[in-house]
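Thanks for coming. I will walk through a few places in one structure, so please have it open while I talk.

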Amino acid sequence: MIPEKETKIEKDDSQEGKYGSFAMFDLTHFFNRILKNWYWFVIMFVIGYAISWVYSKYYAQNIYASNLSLSISNNTSSYFTPNQSINFIWGQGGNQDGIYLKKMLLSRTHNEFLVKELELYVNYSTKGVIKSTYLDKDDVPVLLQVDKKHLQQINYPITLIPKGNDKFEVVLPEDGHSRNLYSYVTEGFTTVDPYDRPDNRIIEIGEWFTTPNLRFRLVKNPIIRKIDLQNIIVNLSTVNNAVRDIVSTIGVDFDKEISSIMIITKKGYNLNGTVNFLNKSVSELQKKRQADKLIVDKNTNAYLQKNLDNIRKKLDSSAYVLNYMKTTEKLYDIKDRDEKSLNKIKELESKKADLESKISSLRHIKNSLASQNFDKMISTTAAGFQDGAFSATVSELKDLYIKRREMALIYKPNSEPMVEINKLINDARTNSSGVLGNYYSGYLEEIAKINREVMEANSDLTTYPEKERKYLDAERGYNMIEATYNSLLSRQNETQLKIAGNQSDINVIDPAKNIGQAPIAPNIKAVKAGIIGGLLILPILFIVIGELLDNRIRNIKELLNATRIPLLGVIGNNTNETMLTVLDQPKSSVSEAFRGIRANMRFLAGSDRGSKIILVTSSIGGEGKTYVSINLASVLGLSDKKTILLGMDLRKPKIFGDFRIDNKYGISNYLTGEVEMSQIINKTKIPNLDVATSGPIPPNPSELLMGESNIRFIQELKSLYDFIIIDSPPVGLVADSYELMKYSDTNIYVVRHEYTEKYMLKMITEKYHNGETGNLGLVYNDYNTKQGYGYGYGYGYGYGYFDEDKNYKEPLLIRIRNKVREIFNKK
């Protein structure tokens, strides 16, 4: 990008605001830094892999899951086993029976029974060098049997170490014994008096181990253990905690195609433990299911038998009266009987008797609900109906009463939880009473209708004599009682058949079984990917932060886009021990770059004959302006152009050292009138190159440089030399160079790769585009082509043109690229 001298860059207001503005993030440099720091990613990968391996091997606790599937048959119905055929929507379509069973499986009552029955408050594990492993009862040689009448300390690890001959050493923690002990009888805590730490000792199987905070004995496991354990760690927990932990690991789902099939899942740290629990849980559920059905059916049978006994007495009494009238009054053969009306009355009164029997059963059910006497509940079949919704409501009501009794031990009567459960109870009561009320009203309407029809039929019998009408009334009474008796007897037979054929309606399809299932968690692959990925992100994160905080110039293309200042050339990294690169290494790529700058300067300085003043500056010190000045002057001198190099950075003299010139007298002495011009001009190895050093540091460098004597000095030199190279002070530190630029023909601004800060270029860019500084060009210094950045300027290595080629080694990515090309180009 080397425009002609007269080239002008048109700009609008929007473009003007962008001059000197660099991108916050250099994506190209970011990826190059990632490639440059590839070894950190390898290190992080190795560390991440090692951490994930140690985690999965020694720390990850595997979680297993076992499944059990069962079907719910539709052969019986009761309050506590609602009929699944009732279309009662509650979470799983019409499968009300399945929802009820799900609630039972997840209920506290059911799981508390299992915890106590299986002693699941006793937890077993074993510990290796690093990792602990949870055990099931089947895995341990001995079981710990707690004395429930003795106070026990929970969450207090008891270590059992086998000693042979059915003996175990009981090792307790060095500290941690507590005065707050738990009772498995009351399921509460009690504070005891202080006591010393219990001693460790060896006990035999069956021997009681008694301390103030523990009492237990070891019982031999009837199941032969499959593994030898170096230690067994036992932890006791409260019943409540054990129930809560178990419920949280149980899942119940329904088959999508057949809603009466349930799939129960149990998760846990030990596969055998989940299998045993599921099978035991469903087995107990089957037993309870049968027991619940028998309670209702037996209550119904007893209720019906009691009513049958009472009706039997009435039937016998009515039969006696009827027989008496037949024998004494001789009325068993009434002439001209209206059999049609009598049969109709008999049929109506039989229906009425059946309805009154059902109403009586309804009253019994209602009274049982009102008195919360669920143990005396009878089946709704005794009242002549089956209603799954009502049965479910009664079952729910029973559970709510149980739950309220439990909550009453914890909460106050007017507390929010108690108010809420009372509301639920009232709602359930209202629902059940509403169902019974509907049936009750229906029965009363039917009875009222029957009474009206009976009255109409009785009008046909008014013509009978009084004696015969009494006989007919007695016969109707007997028939009504007999109909009631037969109705109750029929219902009793149905109930007895149900009791005799009682079977569980829960059928296990696939029991839970240990078939070597793989753990479901943790996801080792995901954990490994997370650990390795997290560590791999760290280098990227540091590089990103470094990129955001690093404000140095790294990209030539970005530099030119931001400044819109012509680029005269790119100078590579100086490998020479001195700054005289052009003199010491004339065939190097750096020397060739300076020759390129010499050629490009004509676009700025123009082709007019006459002496040219070239000013070299930069933002701050250390960017290479003196280095550029020396070598640019050397190139011009070697091209048979009479050249002088002026060291006008009076605050920080440098040039004299490289040319081995005495800096005792220099420009500062001449400008103050101490010496003549001839005394400060020094010859060099190059015949056409002279050097005027800075001289001693003066107290007023700015006044000297901007004074009239300095201007006259430069004008005199123009008559003696073809090129005057001025090594001026950095413009980012002092304003001297801006004043000198008024008299220069070409201004060179040196930018150093990965050194110059981006914000430093804002001032020179604004002055350039505002027309305050003309004939300005950039030189990009200390650029390392091996880093792979670049914009296409300068020469590269490896082509045999430069001295560096003999030691040049292609970058790894270039070698890989060339190798791939070689493979694919083979025929």
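Before the first item, a word on terms: a helix axis here is a line fitted to C-alpha atoms over the stretch in contact, and angles between N-to-C directions run from 0 to 180 degrees. Keep in mind that this is a predicted model.

Start with two helices. Helix α2 covers residues 27-36 and helix α3 covers residues 38-59. They pack at an angle of about 60°, and their axes are 4 Å apart. Angles of 65 to 115 degrees would count as roughly perpendicular and those under 35 as roughly parallel, so α2 and α3 are oblique to each other.

Which residues make the contact? From α2 there are I34, L35 and K36, and from α3 there are W38, Y39 and F41. Sorted by class, the contact has five nonpolar residues, one charged residue and no polar ones.

Next, an annotation. UniProt, in an unreviewed entry, places a "transmembrane region" at residues 38-56. In the model, the chain over residues 38-56 is 100% helix and 0% strand.

Is I161 buried, exposed or partly exposed? Its relative accessible area is 25%, so I161 is partly exposed; buried would mean under 20%.

What does I161 touch, leaving aside its neighbours within four places in sequence? The contacts are K167, F168, E169, V171 and Q230. Of these, V171 is ten residues from I161 along the chain, and their C-alpha atoms are separated by 7.7 Å.

Methods: Residues are numbered from 1 along each chain as its sequence is written. This is a predicted model: local features need pLDDT of at least 70, side-chain atom pairs count only at pLDDT 80 or more; totals for chains, interfaces and linings use all residues. Side-chain values use heavy atoms; hydrogens and water are left out. Angles under 35 degrees count as roughly parallel, over 145 as roughly antiparallel, 65 to 115 as roughly perpendicular and the rest as oblique. Contact means heavy atoms within 4.5 Å. Ala, Val, Leu, Ile, Met, Phe, Trp, Tyr, Cys and Pro count as nonpolar, Asp, Glu, Lys and Arg as charged, and the others, Gly among them, as polar. UniProt positions are given in the numbering used here, feature names are shortened, and annotations may be inferred rather than shown by experiment. Buried means under 20% relative accessible area, exposed over 50%, partly exposed in between (1.4 Å probe, protein chains only).
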